[in-house]
Amino acid sequence: MSSATKASRIGEELWKTRVDKVNAELVTLTYGTIVAQLCQDYDGNYQDVNKQLEKMGYNIGMRLIEDFLAKSNVGRCANFRETADMIAKVGFRIFLNIAPTVTNWTSDNNQFSLVFDENPLADFVELPDDGRAQDELWFSNILCGVLRGALEMVQMQIEAHFVSDVLRGDDTTEMRVSLVRYIEDEMPPDEE
Amino acid sequence: MTQPARHAAMLSISNSGSNLAAAAEKQQPAQHLHTQSQSSQGLRVPSNRKTIYDRHLNRSRNAELSRASFAFLFAEMVTYAQRRVTGIQDLEKRLNEQGYPLGLRLLDLLFYRTMSSSTSSSLSSSSTSASPPNRPLRILPLLHLIHGPLWRLLFNRPADALEHSVSPETPNEYMITDNDPLVNTYISVPKEMSMLNCAAFVAGIIEGVCDGCGFEAKVTAHNQPTEMWPGRTIFLLRFGESVMEREKVLERAGVK
């Protein structure tokens, strides 16, 4: 069984048995109002909105990983490919009930894309028709931050950004994820 | 009390038949849209037409997401708001404002769904009045709408109590009780901020629903813990004078 199918099974099983649920629209609309508030606070400077969303995601990711590990009870991934499957099929399943496709690997196995068929955060969303939002705003940018924060807690420094979004008129929603480095364990100062 | 409902400004800018549309997303940004982009070619859409207009509004009706995801987002929203305010009242006001647009949109969604579902059991089963599922004209049907269908849409259960103020001086005050608000489940409030109730967000949603129905109201959330329900929250709805006057007229006219 490939690591992807295995991960899918784990993800679906967890979604069914271990995850407390809430109405999806409450989550969708709550996220929408967060983004709308940021657009207002940053006066339509969408670059700043993207950055702030990423930051919020980072804060979430650092805490979310605990929940992920506690629920999934999975061990350390053998390589970055396995990590990718774990993120896509278990992580996204547990928290958003979706499983984006992992694809477009680079030959060094350090970069991949997540392609989203579904994105509950963006349900009901239409970007402002101001001639800028569709070129500048990454509506779901919080997800990039979540990945960065979560993986940092398990010793992987990554970089993630969206490269396309159906909200912008693209045909797919795609996030590019790159492994920067594995963070070495920093041993605490010797107590003895 | 006589100031116009906040949504008056929003209705005038809502464009292109956005039903519940665009989530809260475009409430503000949309404002410069009418002035600036009258001549723009409009939004780009994907060639496979994955737009909000092509998806059924009931698609997510019974969909579920992780409660943790909601808790994370809500906590981030509160933390972010906290950095930009000067005090508890200010913070609650901000949370209220973030809930408000949700109320406006949920209202449309509720009516759309109760009307399109042939059985319409969700509304009539809870509401004591056997009114058909159209917009409430009187306060009581509105309150039942909030207490029942709205609460069920958001939290999958009705609210726990609905009361009218007993004081003759405040006939315009109503209270909706939630014994254990979902939004506060994962929020721990520091001692020095014990007055804070983050369900102000939900109060904002209620206010949006009231205003959207044409019932100008101020809604606030208050802690009313009991031994059994430490998180018990009262949502206090204060209707404006104009609403109370209309209520009297409608009562005389026999409108229910």
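This is a dialogue on how to read a predicted two-chain model.

Biologist: What should I know about numbering and cut-offs first?
Modeller: Residues count from 1 along each chain as its sequence is written, and chains are lettered from A, ligands numbered from 1, in the order in which they are written. The model is predicted: local features need pLDDT of at least 70, side-chain atom pairs count only at pLDDT 80 or more, and totals for chains, interfaces and linings use all residues.

Biologist: How many helices and strands does chain A have?
Modeller: Helices (H or I, at least four residues) and strands (E, at least two) are DSSP runs, numbered from the N terminus. Chain A has six helices and five strands. Their order from the N terminus is α-β-α-α-α-β-β-α-α-β-β.

Biologist: In what order do the strands of the sheet in chain A lie?
Modeller: Strands of a sheet pair through backbone hydrogen bonds, either parallel or antiparallel. Here, two strands pair if DSSP finds at least two bridges between them. In chain A, four strands make an open sheet, ordered E2-E3-E5-E4, with antiparallel pairing. Strands E2 (101–103) and E4 (156–164) of chain A are the edges, each pairing on one side only. From one strand to the next, the twist averages 25 degrees.

Biologist: How many bridges join E3 and E5 of chain A?
Modeller: Six bridges link E3 (residues 111–116) to E5 (residues 173–182) in chain A, in the antiparallel sense. Phe116(A) stands opposite Thr173(A) of E5(A).

Biologist: Which helix lies across these strands?
Modeller: Axes are lines fitted to C-alpha atoms, for helices over the stretch in contact; angles run from 0 to 180 degrees between N-to-C directions. Helix H4 (residues 80–96) of chain A lies across E2, E3, E4 and E5, at about 155 degrees to E2(A).

Biologist: Is Val146(A) buried or exposed?
Modeller: A residue is buried if 20 or more other C-beta atoms lie within 10 Å of its own, exposed if 12 or fewer, and partly exposed in between, with C-beta atoms placed from the backbone. Val146(A) is buried because 29 other C-beta atoms lie within 10 Å. Val146(A) belongs to helix H6 (residues 142–153) of chain A.

Biologist: Which residues does Val146(A) touch?
Modeller: Contact means that C-beta atoms, placed from the backbone, lie within 7 Å. Leaving out residues up to four places away in sequence, Val146(A) touches Gly57(A), Ile60(A), Gly61(A) and Leu64(A).

Biologist: What share of each chain is buried?
Modeller: In chain A, 51% of the 192 residues count as buried. In chain B, the share is 38% of 256 residues.

Terms used
Two residues are in contact if their C-beta atoms, placed from the backbone, lie within 7 Å.
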